[in-house]
Amino acid sequence: MPGLAAQVERYSVVIAIGGVAVRVNTTDADFLEMLENRYAGFISEEAAEFDFDVDLVVPAFADRDADVSVTQRSGRWFMERGDFRAEWSPAARTGTIHQSANPYSIDAVLRIVHTLVLARQGGFLLHAASAIRNGKAYLFAGVSGAGKTTISRLAPADATLLTDEISYVRKVDAGYVAFGTPFTGELAKLGENTSAPIAALYLLAKGQENRIERVSVGDAGRELLANVLFFAEDSELVHCLFQAACDFVHRVPVYRLTFVPDARVWEMIR
């Protein structure tokens with residue numbers, strides 16, 4: 001008689017970011033431990049909204065800097081980069097990720113999934129540091145080198161850092177809320193898993209003095225869109241994202257913050 005196939009044990013962990021819980025399933029205990037360490041503070045016991053099975057493979061071409069492809073066919077999303085391939089069905093709430101046992105690929109997939117979820121809800125991920133002070137969240141947006149990590153390092157002791165790299169913005173009622181993320185920049189420090197209403201967005205620029213100027217709605221919208229993370233080739237969601245940016249700059253004040261690397265700049269942020 002043929003022998004019974006040995007049952008493969010499956011391990012799971014729920015990663016909750018911005019109130020969206022994703023369960024990641026794997027048959028590799030070491031990979032599970034890596035996930036628990038990588039997303040410490042964002043591991044949740046709540047019911048997952050989406051499930052992803054991770055198939056650990058040796059990629060033929062593992063270039064994390066390769067361009068990302070995100071397309072939709074027949075209601076399924078297909079995501080691919082040099083180091084991973086993934087499929088996701090929002091209707092079935094399930095997906096599969098083919099990647100090696102590294103934290104960068106799963107990190108990229110989670111970012112993509114969250115951008116797709118947020119786009120339909122009027123929110124987005126933004127290239128911005130963010131922090132909470134006195135119960136309000138402040139965003140500091142800019143390209144690489146603009147000063148996101150610097151402004152995070154200069155934050156006073158009573159500020160709670162949400163991220164130094166990628167801010168999570170959700171539309172809630174008539175306003176917007178910023179959530180902490182595990183997506184790190186140069187600080188290599190996970191944000192705090194908390195949230196607060198957004199009081200202002202600052203567009204960063206380094207200069208010879210500290211100066212704040214109000215930005216017009218039109219310019220604010222253009223610069224906001226230039227810093228939004230979005231990967232999908234989908235006209236409907238691009239329209240949703242454009243509308244989300246327009247709504248945001250009409251509801252949240254946007255300033256240009258020119259600053260020198262000195263902690264006194266935080267005296268101007270309110």
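Reader: What does the side chain of histidine 114 make a polar contact with?
Author: With the side chain of tyrosine 168, at 2.9 Å. Keep in mind that this is a predicted model.

Reader: OK. Where is histidine 114 found?
Author: In helix H2.

Reader: And is histidine 114 buried or exposed?
Author: Buried. Its relative accessibility is 1%, and the cut-off for buried is under 20%.

Reader: Which residues is histidine 114 in contact with, leaving aside neighbours within four places in sequence?
Author: Ile17, Val20, Val22, Leu125 and Tyr168. Tyr168 is the partner in the polar contact.

Reader: There's also histidine 98. How far apart are the C-alpha atoms of histidine 114 and histidine 98?
Author: They are separated by 18 Å, and the two residues are 16 apart along the chain.

Reader: Why say H2 is largely enclosed by the rest of the structure?
Author: Because 15 of its 17 residues are buried.

Reader: What caps the N-terminal end of H2?
Author: Asparagine 102 does. One of its side-chain oxygens lies 2.8 Å from the backbone nitrogen of tyrosine 104.

Reader: New topic, the core. How many residues are in the largest nonpolar core?
Author: There are 40. The residues with the most contacts inside this core are Val24, Phe52, Trp77, Met79, Trp88, Ile106 and Val109. H2 gives the most to this core, with 10 residues.

Reader: What is isoleucine 106 in contact with, leaving aside neighbours within four places?
Author: Val24, Leu35, Tyr39, Val54, Ile97 and Gln99. Besides this core there is a second, separate core of 26 residues, and it includes Ala128, Ile198, Val215 and Val249.

Reader: Tyr39 is in that contact list. What sits over the ring of tyrosine 39?
Author: The charged end of arginine 38, 4.7 Å from the ring centre.

Reader: Which aromatic cluster does Tyr255 belong to?
Author: The one formed by Phe140, Tyr202, Tyr255 and Trp266.

Reader: And how many aromatic pairs does a search of the whole structure find?
Author: It finds 8. One of them is tyrosine 168 with phenylalanine 179, an edge-to-face pair with 6.0 Å centre to centre and 75 degrees between the planes.

Reader: Which strands do tyrosine 168 and phenylalanine 179 lie in?
Author: Tyrosine 168 is in S12 and phenylalanine 179 is in S13, so the pair ties together parts that are 11 residues apart in sequence. Both residues are buried.

Reader: What about tyrosine 176 and phenylalanine 248, how are their planes set?
Author: The planes are at 65 degrees and the ring centres are 4.9 Å apart, so the pair is edge-to-face. This pair links distant parts of the chain, with tyrosine 176 in strand S13 and phenylalanine 248 in helix H5 (residues 235–251), 72 residues apart.

Reader: Are those two buried or exposed?
Author: Tyrosine 176 is buried, with a relative accessible area of 3%. Phenylalanine 248 counts as buried too, at 0% relative accessibility.

Reader: Switching to loops. Where does aspartate 173 lie?
Author: In the loop between strand S12 (166–172) and strand S13 (175–179). Aspartate 173 has a positive phi of about 55 degrees although it is not a glycine. It is exposed, with a relative accessible area of 75%.

Reader: And what is phi of asparagine 134 near?
Author: Near 55 degrees, again positive in a residue other than glycine. Asparagine 134 lies in the loop between strand S9 (124–133) and strand S10 (136–141). Its relative accessible area is 70%, so asparagine 134 is exposed.

Reader: Last one. Where is the place of alanine 199?
Author: In strand S14 (residues 195–206). Alanine 199 counts as partly exposed, at 23% relative accessibility.

Reader: What does alanine 199 touch, not counting residues up to four places away?
Author: Lys136, Ala137, Tyr138, Val252 and Pro253. The C-alpha atoms of alanine 199 and isoleucine 269 are separated by 10.0 Å, and these residues are 70 apart along the chain.

Key: Residues are numbered from 1 along each chain as its sequence is written. This is a predicted model: local features need pLDDT of at least 70, side-chain atom pairs count only at pLDDT 80 or more; totals for chains, interfaces and linings use all residues. Side-chain values use heavy atoms; hydrogens and water are left out. Buried means under 20% relative accessible area, exposed over 50%, partly exposed in between (1.4 Å probe, protein chains only). Helices (H or I, at least four residues) and strands (E, at least two) are DSSP runs, numbered from the N terminus. A polar contact is a pair of N or O atoms within 3.5 Å; within protein, one must be able to donate a hydrogen and the other to accept it, and residues adjacent in sequence count only if both atoms are side-chain atoms. A nonpolar core is a set of buried Ala, Val, Leu, Ile, Met, Phe, Trp, Tyr and Cys residues joined through side-chain atoms within 4.5 Å. Contact means heavy atoms within 4.5 Å. Rings of Phe, Tyr and Trp (its six-membered ring) pair if their centres lie within 6.5 Å; planes under 30 degrees apart count as stacked, over 60 as edge-to-face and the rest as tilted. A charge sits over a ring if NZ of Lys or CZ of Arg is within 6 Å of the ring centre and within 35 degrees of the ring normal.
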